[in-house]
Amino acid sequence: MVTGFTNVLESRRAIWFAALVFASVVLIQIFGHPYGYILPSLFSATVGGEPPRGSFQMRSSTRNSSVSGNLTHTEVWNTTGSNVTDNVTSVTDPSRGKDGDVEESSESDDIDPENELPSKDFDLSNNSPVVLSGRNDSFEPETISNTPGSNMRSGNTSSPDRNTGSYIDPALGKNGTMDTSPAIPSVLSPPLVLPPPLTPRSDVHANSKAPTTSPDQNKDSTLENNEKPGLPQSGTPSPISSIPAEKDRPDRNADRVVSIAEMNVLLQQSRTSFRSVKPRWSSPTDEDILHAKARIEDAPLVGDAPGLYAPLYRNLSMFKRSYELMEQTLKVYVYAEGKRPIFHTPILKGIYASEGWFMKLLKSSKQFVTKNPKKAHLFYLPFSSRMLEETLYVTDSHDRKPLIKCLSDYLNVLIQKHNFWNRTIGADHFLVACHDWAPSETKRLMANCIRALCNSDVAKEGFQFGKDASLPETFVKSPKRPLREIGGKPLSERHNLAFFAGNMHGYLRPILLQHWENKDPDMKIFGHIGTAAYVSYMKSSKYCICAKGYEVNSPRVVEALFYECVPVIISDNFVPPFFETLNWESFAVFVPEKDIPDLKNILKSIPDRRFREMHQRVKLVQQHFLWHRKPVKYDAFHMILHSVWHNRVFGIRTR
């Protein structure tokens, strides 16, 4: 009996000792290793020094709220699958190519209706606590293919719900639910620090403060009746918890106008000041990029190269070497996760076509795409910002929480399945998004990612030189013939000094028409006109006015190049496409918004010799903005990819 009592006592001691050890490990985990290395290592082996999948977790949303610069990322798995099929049926009606890309559809499928007016700017700030729904709803799984390196089981799928935007992936838990909610810490970009105003060159007009605008006059630029919807109402709660409200992080540059000369300085400064997130463990692909960087910086001097004209570029020698190394080195891993139509559905027609063409051509590229993520230098997030809005945004609801939440849940899916995001907290990931809402939808969830954005506003939208890339907004009328109507009349037949036509979107265009509509025979400034007349004026004018609409970007910039018309960009704080590579001042004119009353004098003051030089350069730079059904060297596809490659090369950090 004494022996039995002794055994019981020893057993209890062993249990208490084990509990004490476990409690100690938990405390160490919480206070010493907040990113989740200790506990997972007790129960699963690591490979090659990498943490196990899904181990990247922070302590709690409450604790995270006090950590400056870190982003807490919370998902809610609360959506029923019955809504998914019903809601996406209407979106997937357009006929698709063999790769699932939308080629020929009605205008309304690709371009928002003219009568959909903008609402006030959407603001992610909110002081009220975020209410998270429970996880008790069920979801009917479908079939999705497995992904290289994924632990996804067959018979399961992921899909967004229109009402909440939740991204359901039943493969990660029983009955279609997840048991964990990993946070995505992210280093937020610091506030933009602008240099003092510079004296511009003789052919560049310095920007100054733009006219005061009302809250509902800020969104979108458009072409004729091919317009974009407005933003939802401000003050809508964000699904992201424990992030300082937007008003608590004041934008000191909201009213600051950044001239093109100042942008040149900021770009140059970013070469030495910007560095991406330091990777949590090393990878052989980092060495590839560092080697490429060294070779680019040591590029031999070249004059004009075949197909390239030196004055068009900031540094032709470095661009040529960088482009060649991209072709030889770069490998991109495209995530297979994601359910149509938001993911893997390229829209090839309309004003948002750039993101669709890039998605289609990259996914079909045998040269750049790798199925082995360990060989990848970059990871592509294959979502369509256009289809995100088309699928989840409820017209006039002024609520974009479902859109942001869909992206939030999607990232959680990737984190649970893979280690790739965790290694750099997204610094080696990139997205290509042309919808006007993309910057605000991704600026926190994907703060470290390289973002190729059409809405490249350096002040309001937080475009960051050295990390983000400006994406050309191209209006593609026919996916089967994307180069239809290219070119324009010779100089001898361009009798109009300047041309603009468009709807009165935003605060700037009414000002333009107030000063110049029917005021001067040399200035062909109109409101809305027909498509045929629009194209005819573009082809027969010397200068084409690219005035911003609700946002800084406009398809007119690329259209001017397409029709061989010298672009006159009137859009304060707009970062032009491929800015890190092209010398825009060699073939375009930048006019500050405040100088609209003096527009004709500005254009007339440009010497004829200078105009002819710019016109010739427009025809030479045109190749970089064209889409081809099969990619061509130096075309829009390669230039977008090069912008992403360039920013990764010059922003990389190593352990």
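This is a predicted model: local features need pLDDT of at least 70, side-chain atom pairs count only at pLDDT 80 or more; totals for chains, interfaces and linings use all residues.
## Disulfides and other cysteines

The chain holds 2 disulfides, and with bonded cysteines counted along the chain they follow the pattern 1-2, 3-4. One of them joins Cys-434 to Cys-454, with the sulfur atoms 2.1 Å apart, and its value of -90° about the S-S bond makes the link left-handed. Cys-434 sits in the loop between β5 and α13 (438–442), while Cys-454 sits in the loop between β6 and β7, so the pair links distant parts of the chain, 20 residues apart. Cys-434 is buried, with a relative accessible area of 0%, and Cys-454 is likewise buried, at 1%.

The disulfide between Cys-544 and Cys-565 has its sulfur atoms 2.2 Å apart, and because the torsion about its S-S bond is about 110°, this disulfide is right-handed. Cys-544 belongs to strand β10 (residues 541–547) and Cys-565 to the loop between α16 (556–562) and β11 (566–570), so the pair ties together parts that are 21 residues apart in sequence. Both Cys-544 and Cys-565 are buried.

Strand β5 (residues 429–433) runs parallel to β6 and is joined to it by 4 bridges, with Ala-433 having Leu-453 as its bridge partner in β6. Strand β7 (residues 469–470) is also parallel to β6, and 2 bridges join these strands; here the bridge partner of Leu-453 in β7 is Ser-470.

## Nonpolar cores

The largest nonpolar core has 112 residues, and those with the most contacts inside it are Phe-358, Phe-430, Tyr-543, Ile-545, Trp-584 and Leu-599. Helix α19 (residues 636–651) gives the largest share of this core, 9 residues. Leaving aside residues up to four places away in sequence, Phe-358 touches Tyr-380, Phe-430, Val-432, Trp-627, Phe-637, Ile-640 and Leu-641. A second, separate core of 32 residues includes Phe-343, Leu-381, Ile-415 and Phe-420. In soluble globular proteins, nonpolar side chains tend to be buried together.

Ser-270 is placed in helix α6 (residues 260–273), and because its relative accessibility is 7%, below the cut-off of 20%, Ser-270 counts as buried. When residues up to four places away in sequence are not counted, Ser-270 touches Phe-465 and Gly-466.

Gln-616 is placed in helix α18 (residues 608–621), and its relative accessible area of 39% makes Gln-616 partly exposed. Its C-alpha lies 9.7 Å from that of Cys-565, although Gln-616 and Cys-565 are 51 residues apart in sequence; Cys-565 is itself bonded to Cys-544 in a disulfide.

Terms used. Residues are numbered from 1 along each chain as its sequence is written. Side-chain values use heavy atoms; hydrogens and water are left out. Buried means under 20% relative accessible area, exposed over 50%, partly exposed in between (1.4 Å probe, protein chains only). Two strands pair if DSSP finds at least two bridges between them. Contact means heavy atoms within 4.5 Å. A nonpolar core is a set of buried Ala, Val, Leu, Ile, Met, Phe, Trp, Tyr and Cys residues joined through side-chain atoms within 4.5 Å. A disulfide is a pair of cysteine sulfur atoms within 2.5 Å.
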